[in-house]
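Welcome! Take a look at the model below, and then let us walk through one of its helix pairs together.

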Amino acid sequence: MTTKQAAERYALIAAGVVIVALTAGGFWLSYAHLAEVAGQHGLKSSPVRQWAWPATLDAFIVAGELLMLRAGLRRVTDGWAIALTATGSVGSIALNVAGVSGTGNAATVPLLDYVVAAVPPTAALLAFGVLMRQIHQLVDQPANHLDAAPFQSPEPTVTEPAEPPAEPVRPAAPPAAGSVQPTEPPPEVSESKPRGGRPPKATLAELVEIGRISLAEHGTLSRSLLRKAVKDRHLTIGSQRQTEVMEMLRPEIEAAAETGPSSG
């Protein structure tokens, strides 16, 4: 595949060089002949104007070819560029052929003279058409490669499922009268008294569990009972944390208060 691509590249470069040389040669021969025609018909006394006059026609070809080149690179069609190129090319061919006989008798002019006069501008026009075709192919080549390439859908990104939100602590059902059994304290709560220093602080979950145990033992729960239960486990509880625990256990306290008198 690499050898084939290299051969195509070299062939394209060689063809481009030949096309450019052919275009330049045909354009120069046509321009020179038009300058001679201008010299034979009114501009012989001024060589500068004689050689400048063909530019009034061939400049349309140059401008049209440049605009067509720009349109080809952009992969669009420029009608004005085509019209300019066609007008200049057809006019150049017609004037080159008409300049052979001039105002004399056309029957005495050999047919080959007309052919010689018509070949350079025609060759320049055809060479430019071939050059534009190669440019269009080069411009369209990347798009064709992209269209031919198999489409690969991007792999979906695997994301880890988000952790479910922690469920709020729901108050347990009030203990039935006469069947109140103290639950075991959480394993995190240490039953042994520390050897020194300030007592460790407990987490909110541990304090709620201690309060629930005290509620089950006494049938009610107050701030003093909660503080005493926490202190018995060699832990500490602040005033703000004590308020939070009482608020969380308030439904259980009220339920225990309602079932207490009825069970008596």
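In this model, helix 6 (residues 204-218) and helix 7 (residues 223-232) pack at an angle of about 115 degrees, with their axes 9 Å apart. The axes are lines fitted to C-alpha atoms over the stretch in contact, and angles run from 0 to 180 degrees between N-to-C directions. Helices here are DSSP runs of H or I with at least four residues, strands are runs of E with at least two, and both are numbered from the N terminus.

A word on the source: this is a predicted model, in which local features need pLDDT of at least 70 and side-chain atom pairs count only at pLDDT 80 or more, while totals for chains, interfaces and linings use all residues. Residues are numbered from 1 along each chain as its sequence is written, and side-chain values use heavy atoms, with hydrogens and water left out.

**How the two helices meet**

Helix 6 and helix 7 are therefore roughly perpendicular to each other, a label given to angles of 65 to 115 degrees. Their crossing is right-handed, which is the name used if the near helix is turned clockwise from the far one by less than a right angle.

Which residues in helix 6 meet helix 7? They are L207, I210, G211, S214 and H218, and their partners in helix 7 are L225, L226, A229 and V230. Contact means heavy atoms within 4.5 Å.

| Residue | Relative accessible area |
|---|---|
| S214 | 3% |
| A216 | 17% |

S214 is found in helix 6. Leaving out residues up to four places away in sequence, S214 touches G219, T220, L221, L225 and A229. A216 is also found in helix 6. The C-alpha atoms of A216 and A256 are separated by 8.6 Å, although these residues are 40 residues apart along the chain.

**The whole chain**

Stepping back, how many helices and strands does the chain have? There are eight helices and zero strands. Buried residues make up 28% of the 264 residues. Among contacts between residues at least 6 apart in sequence, 63% join residues at least 24 apart. The chain exposes about 18100 Å², and carbon and sulfur atoms supply 63% of that area, as computed by the Shrake-Rupley method with a 1.4 Å probe.

Definitions and conventions
Parallel < 35°, antiparallel > 145°, perpendicular 65-115°, else oblique. Buried < 20%, exposed > 50% of the residue type's maximum accessible area, 1.4 Å probe, protein only.
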